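Trainee: I would like to learn how to read a structure feature by feature. Could we look at it together before we start?

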Amino acid sequence: SYSIEIIGLNKIITYNLMAFIQIPKLISLKEIYDAQSKIFVIKFALKKGKKHDFKVFFRNENDVKLEGNFEFLENQRNREHEIMLYPATASIEGLSTFALNLMVKPRNTAFGFRNQANLTTLNKVLLFKVKNSSLIYFFALAIELY
């Protein structure tokens with residue numbers, strides 16, 4: 001609270017202040033709960049050896065607009081396939097849905113076709129970094145290539 005007092009008057013006016021923090025909720029509409037890992041995961045199954053485009057839908061559950069960048073948390077374990085995303089920047093209006101386009105392609109098509117018999121799983125962590133904030137959302141991504 002703060003008080004205002006005018007010199008010469010015997011009256012003090014007091015105002016109460018109130019503040020709150022609201023953290024916006026951003027969810028993926030494709031997430032499922034993986035009991036083995038005990039986390040929510042976005043899972044896809046794609047055919048190995050060719051390029052695939054697919055979409056992941058996100059929903060802003062609050063009325064606050066979210067602006068930020070999508071990127072992957074880097075790990076270099078899988079050198080056979082490359083995952084790209086677009087658009088990298090997003091402006092997600094309050095209570096609306098946003099579609100992120102992802103593309104998986106083999107780095108070397110001859111290597112991809114030769115290794116086609118076994119199952120490969122690409123595990124990535126997708127980040128959404130909110131602009132002008134330290135708020136970062138993360139989404140586990142598992143892509144099974146068969």
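Trainee: Which residue in the turn of the hairpin formed by β4 and β5 has a positive phi?

Mentor: This is a predicted model, in which local features need pLDDT of at least 70 and side-chain atom pairs count only at pLDDT 80 or more, while totals for chains, interfaces and linings use all residues. Residues are numbered from 1 along each chain as its sequence is written, and side-chain values use heavy atoms, with hydrogens and water left out. The residue you ask about is Lys-38, with a phi of about 60°, in a hairpin that has 4 residues between β4 and β5. A strand here is a DSSP run (E, at least two residues), numbered from the N terminus, as helices are (H or I, at least four).

Trainee: In which sense do β4 and β5 pair, parallel or antiparallel?

Mentor: As a general idea, strands of a sheet pair through backbone hydrogen bonds, in either the parallel or the antiparallel sense. In this case β4 and β5 pair in the antiparallel sense over 4 bridges, where two strands count as paired if DSSP finds at least two bridges between them.

Trainee: What is the order of the strands in the open sheet?

Mentor: The open sheet has 6 strands, which run in the order β4-β5-β12-β11-β7-β9 with mixed pairing. At its edges stand β4 (31-34) and β9 (89-92), and each has a single partner strand, so one side of each is left without a neighbour in the sheet. On the way across the sheet, β5 pairs with strand β12 (residues 136-145) in the parallel sense, over 6 bridges, and there you can find Ala-45 opposite Glu-144 in β12.

Trainee: Where is Ser-133 placed?

Mentor: Ser-133 is in the loop between β11 (120-130) and β12. Along the chain Ser-133 and Gly-68 are 65 residues apart, and their C-alpha atoms are separated by 9.2 Å.

Trainee: How many aromatic pairs does a search of the whole structure find?

Mentor: The search finds 8 aromatic pairs. Rings of Phe, Tyr and Trp (its six-membered ring) pair if their centres lie within 6.5 Å, and planes under 30 degrees apart count as stacked, over 60 as edge-to-face and the rest as tilted. Take Phe-44 and Phe-54, which form a tilted pair at 4.4 Å centre to centre, with 45° between the planes. Because Phe-44 lies in strand β5 (residues 39-46) and Phe-54 in strand β6 (residues 52-60), the pair ties together parts that are 10 residues apart in sequence. Both Phe-44 and Phe-54 are buried. Elsewhere you can pick out one aromatic cluster, formed by Phe-58, Phe-70, Phe-98, Phe-128, Tyr-137 and Phe-139.

Trainee: How many salt bridges does the count come to?

Mentor: Side chains of opposite charge can pair when their charged atoms come close. The rule asks for a side-chain nitrogen of Lys or Arg within 4 Å of a carboxyl oxygen of Asp or Glu, and by this rule the count comes to 4 salt bridges. In one of them the side chains of Arg-59 and Glu-61 meet at 3.5 Å, N to O; Arg-59 is partly exposed at 26% relative accessibility, and Glu-61 is partly exposed at 33%. Lys-65 and Glu-67 meet in a salt bridge at 3.7 Å, N to O, with Lys-65 partly exposed at 40% and Glu-67 partly exposed at 34%.

Trainee: Which residue forms a salt bridge with Glu-71?

Mentor: The partner of Glu-71 is Lys-129, and their closest N and O atoms are 3.1 Å apart. This pair links distant parts of the chain, with Glu-71 in strand β7 (residues 66-73) and Lys-129 in strand β11, 58 residues apart. Glu-71 has a relative accessible area of 31% and is partly exposed, and Lys-129 is also partly exposed, at 31%.

Notes. Buried means under 20% relative accessible area, exposed over 50%, partly exposed in between (1.4 Å probe, protein chains only).
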